[in-house]
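Student: Could you take me through one part of this model in detail? I'd like to look at the salt bridges and what surrounds them.

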Amino acid sequence: MSVYSKVLIPLDFHGDNEWIVAKGMKVAADHGAELFLLHVDETLAERYLFESASFSGHLKGFKQEICQESQQRMRALAKDMQLDDDHVLVREGKAAKAIEATVTELGIDLIVMGTHGHSGLQRLLGSTANRVLHSVDCDVLTVRSKE
């Protein structure tokens, strides 16, 4: 009997993604689990899109470019990993909330995610990994950044 059947790897496109993906792939392979990749495009300040007509068009265009680039990068990674398109997700919003929603939606039982090892004020205020750890009902394996 396998402990994990669905593993989610949220990626933020920092330099340590390869290390995180390698760890997640190993855990998924060891358990014969399905593997899912997720990237969350943090929401641009939506209120600025509507408060200033002079900047609205530029921000909308920039937002579309970011989404398109994220989708291209995730598709390329999925191709390298031989993952089906339905196992590669790009969402928009706050990372922790999007990860939590994806866990619920897909029935994920393990998240493998990076942590950048912040200390002091950043740790006090919380990181995405910390928020996820305290908001999901599944196991979370944090992978320390090699940067």
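Tutor: Taking helices (H or I, at least four residues) and strands (E, at least two) as DSSP runs numbered from the N terminus, you get 6 helices and 5 strands here, in the order β-α-β-α-α-β-α-β-α-α-β from the N terminus. It's a predicted model, where local features need pLDDT of at least 70, side-chain atom pairs count only at pLDDT 80 or more, and totals for chains, interfaces and linings use all residues. Residues are numbered from 1 along each chain as its sequence is written, and side-chain values use heavy atoms, with hydrogens and water left out.

Now the salt bridges, meaning a side-chain nitrogen of Lys or Arg within 4 Å of a carboxyl oxygen of Asp or Glu: the structure holds 3. One of them joins glutamate 105 and arginine 91 at 3.2 Å, N to O. Glutamate 105 sits in helix H4 and arginine 91 in strand S3 (residues 88–92), so this pair links parts 14 residues apart in sequence. Arginine 91 is partly exposed because its relative accessible area is 23%; the scale runs buried under 20%, exposed over 50%, partly exposed in between (1.4 Å probe, protein chains only).

Helix H4 (residues 95–106) also carries threonine 102, which counts as buried because its relative accessibility is 0%. Leaving aside residues up to four places away in sequence, threonine 102 touches Arg91, Leu8, Leu38, Leu89, Gly107 and Ile108, a contact being heavy atoms within 4.5 Å.

Elsewhere, lysine 26 pairs with aspartate 30, closest N and O atoms 2.9 Å apart. Both lie in helix H1 (residues 17–31), 4 residues apart, about one turn, and both are exposed.
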